[in-house]
There are 2 protein chains.
Amino acid sequence: MKARLPALALAAVLGAGAAAAYAQVKPEVLVKQRQAKMTLQGKYIGPLVGMVKGAVPFNAEVAARNATYLNALSPMAWDGFDESTKGEKSRALPAIWTDAAKFKQFQTQLDTSTAALVTAAKGGNEGAFKAAVGEVLKSCNGCHDAFRQN
Amino acid sequence: MKARLPALALAAVLGAGAAAAYAQVKPEVLVKQRQAKMTLQGKYIGPLVGMVKGAVPFNAEVAARNATYLNALSPMAWDGFDESTKGEKSRALPAIWTDAAKFKQFQTQLDTSTAALVTAAKGGNEGAFKAAVGEVLKSCNGCHDAFRQN
């Protein structure tokens, strides 16, 4: 086994695992990781929005798969909103750190709405699925309105 | 609900959902999505490698959480290796498209090894966990050696 990957991976070690240690990951790395999560969410919500709008036909298999991916991705960014990243270029607003309770509320809402989306998508009822996509988008947009620069 | 997110998300719709339609997503977007998946994998494998090396103490809770995330992330990049991306700047080697069977084999190996890692991490046996991390790294490095530019 080459040492390349472990060495690279080790660079991120000291700042992850324990919340107190996150500040040791470089702020620009934390921002990159946050944005990576957003990129993948966009990848998997896109086709679902297309189904809701009728731009693409409803596909129960894709709906269930993407819903599962979105629910899995849901928790993967929040630990990257460390105060050390305040000076980094990103669309994150300072309110993230001054209204942590509200920010946390949106995190929970995304978890809950994507879990409900998984159930709806697997149920195969197109109407329930479309309503569930709407709930996920509400949590996305609600959080972006409050905590992301337009 | 603002239309902002749905509009953004819709931009990715036409190229996802059905395999045949992937070519319609801009190649640079596909590459960005692939790299986002790699970024998140690095985020979550890093602390596990640290535990294996003894750089950070073994933490069963973090081990199980990160293992679950890695297994969830495992399938999220492969559909982005569309032939339309051949001309994009990335470390992907042409062998990806000339030896698709071997590439697929590594995809399966990552799925399998991260699933085994979840089981090992949840079992709480440090030795089994460390061995399972080694197996995941073998699949990472094996694929990188064959299909990624150094």
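**Figure 1. Order of elements in chain A of the predicted model.** The elements of chain A follow one another from the N terminus as α-α-α-α-α-α. Chain A has six helices and zero strands (DSSP runs numbered from the N terminus, helices being H or I of at least four residues and strands E of at least two). Of the 150 residues in chain A, 47% are buried (under 20% relative accessible area; exposed is over 50% and partly exposed lies in between, with a 1.4 Å probe and protein chains only). Among the contacts in chain A with a separation of 6 or more, 70% join residues 24 or more positions apart (contact means heavy atoms within 4.5 Å). This is a predicted model, in which local features need pLDDT of at least 70 and side-chain atom pairs count only at pLDDT 80 or more, while totals for chains, interfaces and linings use all residues. Residues are numbered from 1 along each chain as its sequence is written, chains are lettered from A and ligands numbered from 1 in the order in which they are written, and side-chain values use heavy atoms, with hydrogens and water left out.

**Figure 2. Packing of α2(A) against α3(A).** Helix α2 (residues 27-53) and helix α3 (residues 60-73) of chain A pack at an angle of about 150 degrees, and their axes are 9 Å apart (axes are lines fitted to C-alpha atoms, for helices over the stretch in contact, and angles run from 0 to 180 degrees between N-to-C directions). α2(A) is therefore roughly antiparallel to α3(A) (angles over 145 degrees; under 35 is roughly parallel, 65 to 115 roughly perpendicular and the rest oblique). The crossing of α2(A) and α3(A) is left-handed (the near helix is turned anticlockwise from the far one by less than a right angle; clockwise is right-handed). Residues making the contact include Leu40(A), Tyr44(A) and Leu48(A) of α2(A) and Val62(A), Asn66(A) and Leu70(A) of α3(A). By class, this contact has twelve nonpolar, two polar and two charged residues (Ala, Val, Leu, Ile, Met, Phe, Trp, Tyr, Cys and Pro are nonpolar, Asp, Glu, Lys and Arg charged, and the others, Gly among them, polar).

**Figure 3. Packing of α2(B) against α6(B).** In chain B, helix α2 (residues 27-53) and helix α6 (residues 126-147) pack at about 130 degrees, with their axes 10 Å apart. α2(B) is thus oblique to α6(B), and the crossing of these helices is left-handed. α2(B) contributes Ile45(B), Leu48(B), Val49(B), Met51(B) and Val52(B), and α6(B) contributes Phe129(B), Lys130(B), Val133(B), Val136(B) and Leu137(B). The residues of this contact divide into nine nonpolar, no polar and one charged.

Figure 4. Thr39(A) counts as buried because its relative accessibility is 17%. Leaving out residues up to four places away in sequence, Thr39(A) touches Lys32(B), Gln33(B) and Ala36(B).

**Figure 5. Ser74(B) in the loop between α3 (60-73) and α4 (95-98) of chain B.** Ser74(B) is buried, at 0% relative accessible area. Beyond its neighbours within four places in sequence, Ser74(B) is in contact with Lys37(B), Gln41(B), Gln107(B), Leu110(B), Asp111(B) and Thr114(B).

**Figure 6. Gln149(A) in the segment after α6 (126-147) of chain A.** Gln149(A) is partly exposed, with a relative accessible area of 45%. Contacts of Gln149(A), apart from neighbours within four places in sequence, are with Ser90(A), Arg91(A) and Leu93(A). The C-alpha atoms of Gln149(A) and Ala92(A), 57 residues apart along the chain, are separated by 6.3 Å.
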